[in-house]
Amino acid sequence: MLTRARKSGDAAGYANQHQATSEAKSKARAAGRRREEASGGQWMGVKEEERPGNEPPAYMDAIYITSYPGRPSTAESVIEAPTNGAPAATPHRRWKLSVRLNGQQPRPHTHETTLVDPFVDQDYRTVFEQYLRNTDRPPWSPVSLSAGSPVALRPGSPDDVTRMERQIYGYAHSLLSQLRLREDLLRPKATDLQIYVVEHHESDHDGAAADGIHCLAWELLESIRLPKLPNLRLRVSRVTDFPARRTMRGLMSPKMQTLAQIQADSAAMFKILLVVARDFSRSGADRDAEPDLAQFPLMNVQKKLRSRMLLEVVRPGCVEDLGEHLRTRALQGVIFNLVHFDLHGQVLPDEYGVPTPWLLFAKRTYATQSNGYHLPQTRLARASEVANLLVENQVENVVLNACLSAYNRSTSLTNLSQLFLQRGIQNISAMWFYVHWKTVETYLETFYNQLLRKGVDFHVAAQQGREAVRNIPTYRSGRPCKDDFLCVNYARQAHRTDSMTRDPSPTPSNKSHSSSTSNTSSKSFISGGWKPSTPRLGDALIVGDEPVIRMKLHLLELEYKLTTFRIVYASDLHREKSDLSETIDRMVNMWMSTNMIDDVYYYRAKDFARSGPLAAGTLPSYRDKKSRGSTGGYLQLLFPKPVKALRSTLHIIREVDDIVDPGWRADDATNAKNEERRIQAQEGLQRFARRLHTEEDSYCIFLGSQDAQWFRRFLQHLHGAWWLHMQWGLTVPSRSPIPRGSKGRRNDSIGSVINLDGHLG
């Protein structure tokens with residue numbers, strides 16, 4: 001967000017990096033401020049009361065809290081002296097900080113201070129961890145990071161919860177009071193105070209330093225107010241600054257537009273990639289969260305932005321498929337501006353026993369392994385491995401709703417976000433501790449609306465997301481939980497406020513799709529009246545108006561089996577009022593919208609009993625067809641062609657049950673005719689399946705009503721998979737979950753898994 005320090009030349013905003021501005025500039029700035037006040041409180045040519053809702057506040061001051069983890073004596077422990085022969089208390093960590101305030105004074109005010117951690121290490125476990133695990137689920141005992149026996153953490157009584165909330169409130173006030181901010185230096189008309197919490201690393205090796213100031217819960221400051229300025233809202237952004245040689249600017253293609261440039265260019269397209277994975281071995285009340293936390297808000301935004309947003313999903317959610325997806329699109333000239341990981345995070349010891357961040361992806365299964373296969377399995381991947389994939393493919397922004405994706409309680413080695421920043425990612429939104437799925441849902445809905453539709457900065461969108469969580473809190477055990485501070489945002493540089501400094505967005509007719517936008521102009525796009533682009537006439541030909549489907553666990557299972565085995569027999573088990581066909585149609589619309597397929601062909605199973613077309617190597621004539629962007633006739637030629645789908649075709653075959661298993665009738669002639677047709681259909685389907693597996697460019701879904709045993713008897717030779725169309729919570733036992741002790745759920749080279757992720761991880 002643009003501050004006066006930014007406008008006056010304090011580009012990086014670090015207390016000890018820049019000299020004070022000249023006396024002439026100071027006088028000019030003061031004169032400008034007097035003119036501003038005389039003009040009735042205008043800011044950048046816009047009166048405060050006339051500001052649109054998505055614009056920055058009329059008056060904003062900024063504070064830069066900077067530490068240098070790589071320097072000696074930056075962080076140390078404080079041990080309180082024992083009294084009356086009592087044993088020594090647990091040490092409190094402390095840091096030497098530089099605090100720089102840019103307010104109403106002509107020059108920034110800078111002072112040094114020593115910050116003492118309000119909590120000792122044990123308090124983080126007994127207060128934060130226990131408070132955030134106080135859910136509606138049955139009590140359970142996770143394994144703690146500390147050595148020794150597990151610590152049982154169970155939901156506490158209302159009095160315990162109130163006590164912990166008071167302790168967390170006191171924690172926040174302790175942080176604020178230790179900064180020694182002079183409220184008289186802030187402008188009386190200031191509405192917002194932007195707080196940058198900066199860890200400045202003079203080398204990449206500083207990233208391994210322990211006990212950085214980012215281990216503190218800084219976002220708690222947004223929920224409190226200054227005593228003398230009760231209307232002043234505090235905004236927090238974390239910055240981890242590494243040497244410039246490791247940034248992505250030198251790696252980016254000259255034609256690649258940054259996220260901020262796309263926000264300013266109404267002819268440009270947002271390119272978002274989503275990775276979703278769930279643990280299907282969980283059952284009952286402990287079953288995993290539904291896989292729509294990120295996909296639903298993203299598809300809602302896509303529906304409104306239409307041709308301005310490309311949304312794709314890695315299917316299945318394997319780390320290997322993530323790499324292939326990024327490389328395939330890069331060769332086609334598609335560079336994703338943002339990658340979202342909707343999966344679980346864990347902290348595990350590596351082969352040397354060092355706590356390391358990991359992400360839980362789906363495990364790749366091959367089509368030849370379909371015999372005896374039941375549920376998708378999971379695989380852990382090192383965060384460093386994932387970071388390398390992203391940087392190699394020029395990804396600039398990352399969002400994770402995985403628990404512990406910003407975990408940094410005792411060492412930065414466990415902080416996945418810092419590792420990504422160190423590799424070269426520019427902006428990250430992640431979770432500081434444990435997080436409830438409802439909190440994630442509220443946060444992401446506001447975050448993506450602000451970022452993609454309103455066009456605000458990445459860190460501003462994160463702040464708005466936290467504010468939404470405060471306004472619509474998650475209820476746990478019948479009471480609102482104050483957990484908005486879990487959703488943290490990191491930037492690689494404090495001065496990355498592109499969206500506050502770019503030129504007004506040009507119209508599509510005045511600016512080409514591949515043109516770049518200035519990020520150095522002192523003009524704000526706000527002053528130019530930036531507005532979200534108006535949908536084009538051809539948008540209706542590319543994105544339909546169907547309601548956005550909410551993904552469920554059993555639908556994610558369908559996706560996994562379809563993209564793994566290519567052939568799926570979908571069954572409703574003869575349930576009355578089954579909506580299997582309707583569900584598949586909605587899934588087809590979603591797959592088309594996310595570039596999974598281009599065309600869908602519909603058949604009846606008896607069509608494959610005709611030997612002529614199949615014997616000649618061609619498919620039978622389809623009964624119906626649906627294509628992406630094909631409903632506009634010649635009119636669609638006037639508009640940009642959508643990005644080619646990853647696969648070409650989906651084949652949907654109906655009425656297969658009675659064809660391959662006709663049963664017996666009283667009439668021998670009818671039986672003979674049905675048997676002949678059954679044999680021909682089986683042969684035709686087998687030739688079709690063989691071609692499908694060989695070409696690896698299409699998928700097939702059979703719609704039926706039989707059980708898994710029937711499928712193995714009549715269709716297993718097609719090397720596909722059986723799928724049940726029924727809500728996950730009702731059918732977990734019948735799906736034969738993978739035993740908890742089976743291999744493949746984690747890397748066998750790892751010793752004991754430390755799973756700290758109570759809700760989403």
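The following is a conversation about a predicted model of one protein chain.

Student: What should I know about the model before we start?
Tutor: It is predicted, so local features need pLDDT of at least 70 and side-chain atom pairs count only at pLDDT 80 or more, while totals for chains, interfaces and linings use all residues. Residues are numbered from 1 along each chain as its sequence is written, and side-chain values use heavy atoms, with hydrogens and water left out.

Student: How many helices and strands does the chain have?
Tutor: The protein chain has 19 helices and 25 strands. Both are DSSP runs numbered from the N terminus: helices are H or I with at least four residues, strands are E with at least two.

Student: And what share of the residues is buried?
Tutor: Of the 761 residues in the protein chain, 57% are buried. Buried means under 20% relative accessible area, exposed means over 50%, and partly exposed is in between (1.4 Å probe, protein chains only).

Student: What about contacts, how many link residues 24 or more positions apart?
Tutor: Such residues account for 78% of the contacts in the protein chain with a separation of 6 or more. A contact means heavy atoms within 4.5 Å.

Student: New topic. How many salt bridges are there?
Tutor: The structure holds 32 salt bridges. The term means a side-chain nitrogen of Lys or Arg within 4 Å of a carboxyl oxygen of Asp or Glu.

Student: Which residue pairs with Arg364?
Tutor: Arg364 forms a salt bridge with Glu324, at 3.1 Å from N to O. The two come from distant parts of the chain, 40 residues apart: Arg364 is in the loop between strand S13 (355-362) and strand S14 (378-382), and Glu324 is in helix H7 (residues 319-331).

Student: Are those two buried or partly exposed?
Tutor: Arg364 is partly exposed, at 23% relative accessible area. Glu324 is also partly exposed, at 36%.

Student: What does Asp598 pair with?
Tutor: Asp598 and Arg628 meet in a salt bridge of 2.8 Å, N to O. Asp598 lies in the loop between helix H14 (580-593) and strand S21 (599-604) and Arg628 in the loop between strand S22 (624-627) and strand S23 (649-654), so the pair ties together parts 30 residues apart in sequence. Asp598 counts as buried at 17% relative accessibility, and Arg628 is buried at 13%.

Student: And how far apart are the closest N and O atoms of Asp288 and Arg282?
Tutor: They are 3.9 Å apart in a salt bridge. Asp288 is buried, with a relative accessible area of 4%, and Arg282 is buried with 8%.

Student: Which residues are linked in a network of salt bridges?
Tutor: Asp192, Arg233, Arg235 and Glu467 are linked that way.

Student: Where is His214?
Tutor: His214 sits in the loop between strand S7 (192-200) and strand S8 (233-241). His214 is buried, with 0% relative accessibility. Leaving aside residues up to four places away in sequence, His214 touches several residues, including Glu199, Arg238, Asn408, Trp432 and Tyr490.

Student: What volume has the second largest cavity?
Tutor: About 120 Å³. Of the 15 residues that line the second largest cavity, Val276, Pro316, Gly317, Leu556 and Tyr560 are the closest to its centre.

Student: Which element gives the largest share of that lining?
Tutor: Helix H13 does, with four residues. Strand S10 (309-314) and helix H13 (553-565) each supply at least two residues.

How values were computed:
1 Å grid on protein atoms, 1.4 Å probe; cavity = no way out; pocket = protein on both sides within 12 Å on 5 of 7 lines; lining within 4 Å. Points joined across faces, edges and corners; volume = space filled by probe spheres on them.
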